[in-house]
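Please work through each task before reading its solution.

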Amino acid sequence: MDLRSYSDERIKANGRIVERTAGNALRPDPRKLVSEWAAEERVVSPEASVLAGPWSNDVSPELVEIMDRLSPDDPCENVIVAKCAQSGGSEVACNWIGYIAHKTPGPGMYIGPTISAAKDWRTEKLDPTIEVTDALNPRKGGCVMGQKSRSGEGSTAPRLRFKGGYILFAGANSAASLRQHSIRFMIRDDRSAWTKNADGEGDPKGLSDKRLKTYRRFGLAKVLDISTPVGKGEDIDREYTASDQRRFYMACKNDACGMISDVKWEDIQKNKEAPYRCRWFCPSCKTEHIDADKPVMKSLARGATWIPTVPDADGVVPPSTMHRSEAEQWRSSHEARVDHSYAQTGEITSFETWDELARQEAEAGDDPELQKPFVNAGLGRPYEAKGEGPAWEVLAARKEAWLRGTAMSGALYFTLSVDVQGDGIYWERVGWGPNKENWLIGCGYLSGATDVAFEGAWPKLDVIVDQGFRLESGARLGDDLIGVDTGYNIDAVSLWVKRRHNATALKGEDGWSRPAIFGAKAAEVKHSGPQAGRSKRYGVKIWLVGTYGLKAALMIYLARVPKENKAGFPTGYCHWPADTPEAYFKHMSSEYIKKNEDGDREWVRKGANHWLDCRVYNMALTHHEGLWAWGEERWAKRAAELAELSAPIAPDLFDPRPSTAAAVVPVQEDLDDLPELTEGVRPADKAQPLAVLKKPAITLRPRVTVADNPYL
């Protein structure tokens, strides 16, 4: 072979190599669904789950379709998951991020309620997944870039980098973290805990939608909205309802049956007391199923599947039980949608047993404050709050034969709340007993300016607090805990609170997802020096109160009355003395729930509501104290301590009658007619809380003279 022939042959061979290499580079990867990638590549970390090891779709088959909707070939753009707690939602997000990094790299964003929460999710869920999954671990040749402290090339705390893309970690509370990015893939987690307004720039969901604008224009964007629902028609529940409302139909374990059913908690039979032995019977063949049968019932091979339950144009919805052969006809008409919503309920999850749900339900009982977390987190359903309490005339008709100023025998813990206004102060004193039973001890309005500390209405409030109240035994006692609203004149409130060891500053916040006490913020900041703007180390803290949930519970408590042929009172029953003014009851019935322009349910006033706010703050104080975690022994001990107190031997300034101070007894609608307080309380006469009265007396040393000690 001559040189030219040899050269031509080598050139042709090299050309074939280039052709194959270019073809391999340009050829797209074989189509692979997110669930298939997870089964092949994903490893579950022992730090993140008790089921450590290679991922198996058989553990939670209901997650397969949810994951596959996030695959790039599926036309769905928005996947909405309304779920119960601990149902695998975070694992779906981890699988999708792993799939993005490994197979379809691009810009992505994970948004939590706060930036801190987003970073915590990465540390607790995503980082352990990357560590044990070889396809992702940078130390094992995975696609994720390791963290490099000095170089900007690798992953950082707010940004997870991989070849061809990244995942940003942002917070719904920070408008800055939601700006200046063009995003293709987005996970919006724990939606029900998001703020309604991010740094005053609007709804964070709307802000995050703008980040998807470019990719959504070309049909490339994908969004996963996932959260436990809180209120009916709110946040994730509103979006679930607006989509196709898919529910997971489980298969009957009887091979000859072939039926699939939407199993609901109301259909599950159980014993009234533990052991609950929960069981469900197939409506078609009456075969009994227990929680241990879930793996068979959820088997995709047996026909278990997601069925859209949204009514069609004629208002027709699928039956709760159907033959598995009928499923496809109900599914097919909704496949063209670009959004799909899924209800991942407690009845179907692999990570909660039916008996455990029964225990939680029994523990919640008829207490709405406990029923709500069971419905939300246990069953994965939205809680529908009572929209309005009874009419004020109905409440006023329940007054009992005792007077204000005296705590009845069932009251064992005492709180006083204060609603500060610009021209005066409203106050309410409540006694609390087991089972959230409560008694109004006193209420009133104190006229006067509130902008200057220790002037105007504030000395009058001192009298109310120092006066205290009477037990039925005649002993005088002070409040265990005092809460003062900081909505008006926060500086004056802070100074007053600092003078009282048992007083705390409160601030009500709207929102259905907020618990009774959900945080604290500084009320006092430094105004000068290098640390100006920072909170004072020993300054007053303002405790934040979730008012919406407390009001909803209060409306239920107000409506409760004793049942015939049943001893005792229902949970949260409210007692009022005979001299409670009509104005008080009108305040208690002054709010109702109404949908606003955005479709959100909110509390709306129809009149003055100051004593209603006081009662909400009093309820919050019991949660601040942890009162409802007390057991029977703690309540019994408290009752015994109060029983040891006896009436004073000699009458004092407040003996003439067991009522509140004369200045605030005649609470009238015409507030200008209220008499003024002109007399204070001597320090020796001040009522003290039980905790102070229980302290041992201090023994004073005898006076030492020069004669006793010559060294003086």
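A charge sits over a ring if NZ of Lys or CZ of Arg is within 6 Å of the ring centre and within 35 degrees of the ring normal. The model is predicted, so local features need pLDDT of at least 70 and side-chain atom pairs pLDDT 80 or more, while totals for chains, interfaces and linings use all residues. Residues are numbered from 1 along each chain as its sequence is written, and side-chain values use heavy atoms, without hydrogens and water.

**Exercise 1.** Identify the rings over which the charged ends of Arg191 and Arg217 sit.

*Solution.* For Arg191, the ring is that of Trp194, with its centre 5.4 Å from the charged end. For Arg217, the ring belongs to Phe218, and the distance to its centre is 5.4 Å.

**Exercise 2.** Classify the pair formed by Trp96 and Phe185.

*Solution.* Rings of Phe, Tyr and Trp (its six-membered ring) pair if their centres lie within 6.5 Å; planes under 30 degrees apart are stacked, over 60 edge-to-face, and the rest tilted. The whole structure holds 19 aromatic pairs. In this one, the centres are 5.8 Å apart and the planes stand at 80 degrees, so Trp96 and Phe185 are edge-to-face.

**Exercise 3.** Classify the pair of Tyr110 and Phe169, and state whether each residue is buried or exposed.

*Solution.* The centres lie 6.0 Å apart with 45 degrees between the planes, making the pair tilted. Buried means under 20% relative accessible area, exposed over 50%, and partly exposed in between (1.4 Å probe, protein chains only). Tyr110, at 2% relative accessibility, is therefore buried. Phe169 has 5% and is likewise buried.
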